[in-house]
Protein chains: 2
Amino acid sequence: MKIRDINITPIALSDPPLLSAAGRHQSYALRLVVEIVSDDGISGLAELPGGVKGEAALREFAPRLDGHDPFDFNRLDRLIDEHFGNPQDTDPFASSLGSTASKKEANARRRKSHVRSAFEVACYDLIGKAMNKRVADLLGGVVRREVPCSAYLFFKYEGGGGELGVNKAPGLTGWEAQRQEAALTPEGIVAEADAMIKAFGFKSIKLKGGAFDPELETNAILALRDHFGPDMPLRFDPNACWSMETARKWGKIMGPALQYYEDPVRGQEQMAELSKELGIPFATNMCTTALADLPGSLRLGSEQIILSDHHFWGGFQPCMTLAQFCKVFGRGLSMHSNSHAGISLMAMAHLAAATPNLTYAVDTHYPWQREDIIVGGRYKIENGNITLPDGPGLGVELDRAALDRLHKQYLAAGIEERDDQTEMRKFRPEFTATPTQF
Amino acid sequence: MKIRDINITPIALSDPPLLSAAGRHQSYALRLVVEIVSDDGISGLAELPGGVKGEAALREFAPRLDGHDPFDFNRLDRLIDEHFGNPQDTDPFASSLGSTASKKEANARRRKSHVRSAFEVACYDLIGKAMNKRVADLLGGVVRREVPCSAYLFFKYEGGGGELGVNKAPGLTGWEAQRQEAALTPEGIVAEADAMIKAFGFKSIKLKGGAFDPELETNAILALRDHFGPDMPLRFDPNACWSMETARKWGKIMGPALQYYEDPVRGQEQMAELSKELGIPFATNMCTTALADLPGSLRLGSEQIILSDHHFWGGFQPCMTLAQFCKVFGRGLSMHSNSHAGISLMAMAHLAAATPNLTYAVDTHYPWQREDIIVGGRYKIENGNITLPDGPGLGVELDRAALDRLHKQYLAAGIEERDDQTEMRKFRPEFTATPTQF
């Protein structure tokens, strides 16, 4: 079985105006859909964050996989190292990139990880389909068919995104209506949580912060605590845009309400310092984001919980290595998400299903999107869980008509790269996404 | 595909009177051959160190795998944890067992690892045979078809082992003759090395020490250096039976000649201390012998090179995790061996073939044995390499007549457990295998 064809399709998913330290989500979230086709006509799928630079990197690398054996992940690694270079290998003792990487270094690393992830995941899907095995079976076996997810709350402006832009579609009810509402206050966040939990049954809550005054965001956490009571796990994540003083001050107040405090400050050093001081669990998907960051994480003790993400860590295999690391070194393990469609959802579900020590419900933006590219349309999240599908590989097939529609939507949207700052400046011209906004 | 039958066969392999800190090899080395058979009649093989206690542990556990899906390694882990207990999981921050484990703890851990290894390896062989894939393909892909091995030299008494006992069979030439000769002096070791290298083409040499006076053993290393010149990598391993003073004194003298100094002293603390002092590469298969030992290894810096062993680490998967650890934390990686037959040789070869950062030639006792249980008989080592076979799974089949013969040999030998100390006392009644003999 060899790879014969590779199809890369950029798509745009309607996305509401969610807020974070980076700014405001654009009306469309860009994704790339990767399909590899074997010489016996079986196809394997993957999905990853979009943008013209990432797409170009994928397209430049793809011809190297002509005739590639999908089982040969060591060869995939070699080809990727040859293509993108491998500075980490030349100095295995190099200090963590997590805290000191320039934006250029971080982008180069991310590009390489995304490309590996795309083809590794697609190869697993292909192998699974060829062998009539679920991807989770190939990753070591299903330890949970129901993968628990966390409600992922955002402060947001009014509007549904996509062709609606900042407007609301009329006549909707429940979560469909709530998704279009503004959430700019603690009460707004509680209303958002109520509607999302009613629709999807989530049993834990993450609030993305970093958008407004820390006092308001802290009050939103306290309001969620009041509303849902002490048994609802709560997480708060200002994307490292808080200063040490801000994170210390509000961390002391919201700390007792939190399951974990995610990336309150920037870099492994600051994370380690504040984590020791506050004595509450710290989580990260920003300061420890690759296997090469683990030595620094251990040396400093920058966090107690690491959020994996098969897109950012370079595929399932690095995430499985991370899981082993977490087991051996006593770290907790959760999972990060970006705005995504059903292929990413399934990849996350298979990885989570096969990871015994996934100790926290996974993040997912999925409720915020309303379009999909998989046959059957939007995948159901019920009782807060993704139920692993029974089919081989990732268990989903590409809806080619939907793919075509969302590709046309991408072409019409005219967005080249995600840029939350520029989007925000349309509404708040003075906005700048600085590392320490608060 | 489910497991339907499990056959466990103890065998005895003729073994010459090799010497180490533990004493003298008995006339037979015990091994266990494990065969799992699927409901569609495909079988998977594994081999591991023998002995009645290990055999009993395997037999007690085996019924739990009735109907087991060989792909479900997470379930295998769960069943093994249920059966053997899992103290490591209850305290992930527990300090390393490597340096502080009691003999009882170490034996319990080893028993559990052996059982996991046996069934994990057999499942990989079964899956490979069912899917027409080599085990190395299932482990990530072949990075080297030729797996380099090191000549494994021993001080030894005269005799060929097995039914020959301490006697020599007449009329043999080359390595077959040399294998029966005594090697009790530097000159004897050089003669052994010459014959072994002429027969197998090894391009690096390991000398097992810990048997005689450190000065004599150091002189053997220096004689090898003189004889083979500076380009022949040399390793020396007294199995941690040297005191700090002894290891310091002779390490300074033989150090410049060594590729690495393997387990000169006992425990991660002493290894770390002496390693810093001598500034030459230290290797271990004694103080860091499980994933649970890695935190201590990192904290102390006990060695620069870790010897994996799929039998002792619990199978291929923990060894692959170890390889990732070595890559991320800048450790070198080699491979340990015990007296073994062709199934273990093949398992070692597939693991080595699929491990990109295996940075040293692997140890193997294989030249010291002369019987086997695989179809075709003894596997050839040429130019110092094991050539990975092309067949599916491990690439070897069980020779049932040979298995039966070596099982009868086991029954006739009357050995219950490996006991090099008792064997040595037959010849040197005062011998005791203490932790610090020299």
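Which residues are buried in helix H11 (residues 268-278) of chain B? The points below take up this matter together with others.

1. The coordinates come from a predicted model, in which local features need pLDDT of at least 70, side-chain atom pairs count only at pLDDT 80 or more, and totals for chains, interfaces and linings use all residues. Residues are numbered from 1 along each chain as its sequence is written, chains are lettered from A and ligands numbered from 1 in the order in which they are written, and side-chain values use heavy atoms, with hydrogens and water left out.

2. To answer the opening question, the buried residues in H11 of chain B are B:Gln268, B:Met271, B:Ala272, B:Leu274, B:Ser275 and B:Leu278, where buried means under 20% relative accessible area, exposed means over 50%, and partly exposed lies in between (1.4 Å probe, protein chains only). Helices (H or I, at least four residues) and strands (E, at least two) are DSSP runs numbered from the N terminus. An α-helix has 3.6 residues a turn, so residues three or four places apart point the same way. After H11(B) comes B:Gly279, with a positive phi near 65°.

3. In chain A, helix H11 (residues 268-278) has as its buried residues A:Gln268, A:Met271, A:Ala272, A:Leu274, A:Ser275 and A:Leu278. Just after H11(A), A:Gly279 takes a positive phi of about 65°.

4. A:Ala283 belongs to strand E10 (residues 282-284) of chain A, and its relative accessibility of 0% places it among buried residues. The C-alpha atom of A:Ala283 is separated by 33 Å from that of A:Gly128, the two residues being 155 residues apart along the chain.

5. Most residues other than glycine have a negative phi, and most peptide bonds are trans. Against that background, A:Asn132 has a positive phi of about 55° although it is not a glycine, and A:Asn239 likewise has a positive phi of about 55° without being a glycine.

6. A:Ser204, in the loop between helix H8 (186-200) and strand E7 (205-208) of chain A, is buried at a relative accessible area of 5%, and, its neighbours within four places in sequence left aside, A:Ser204 is in contact with A:Cys149, A:Ser150, A:Ala151, A:Met232, A:Pro233, A:Arg235 and A:Ala361. B:Gly171, in the loop between strand E6 (146-154) and helix H7 (174-178) of chain B, is exposed at 78% relative accessibility.

7. Within chain B, the axes of helix H5 (residues 103-131) and helix H14 (residues 316-329) come within 8 Å and cross at roughly 95°, which makes H5(B) roughly perpendicular to H14(B). Axes are lines fitted to C-alpha atoms, for helices over the stretch in contact, with angles from 0 to 180 degrees between N-to-C directions; angles under 35 degrees count as roughly parallel, over 145 as roughly antiparallel, 65 to 115 as roughly perpendicular and the rest as oblique. On the H5(B) side, B:Arg116, B:Glu120, B:Val121 and B:Tyr124 meet B:Phe316, B:Gln317 and B:Pro318 of H14(B). The residues of this contact divide into four nonpolar, one polar and two charged, with Ala, Val, Leu, Ile, Met, Phe, Trp, Tyr, Cys and Pro counted as nonpolar, Asp, Glu, Lys and Arg as charged, and the others, Gly among them, as polar.

8. Chain A and chain B bury about 2,300 Å² between them, 60% of it on carbon and sulfur atoms, buried area being the accessible area (1.4 Å probe) that two parts lose on being put together, summed over both. In chain A, the residues that lose the most area to chain B are A:Phe71, A:Asn74 and A:Val328, together 23% of what that side buries. The contact takes 30 residues from chain A and 30 residues from chain B.

9. Over all chains the structure holds zero disulfides, a disulfide being a pair of cysteine sulfur atoms within 2.5 Å. The sulfur of A:Cys326 has its closest cysteine sulfur in A:Cys319, at 10 Å, too far for a bond, and A:Cys326 is buried, with a relative accessible area of 2%. For B:Cys287 the closest cysteine sulfur is that of B:Cys326, at 12 Å, again too far for a bond, and B:Cys287 is buried at a relative accessible area of 1%.

Methods
Contact means heavy atoms within 4.5 Å.
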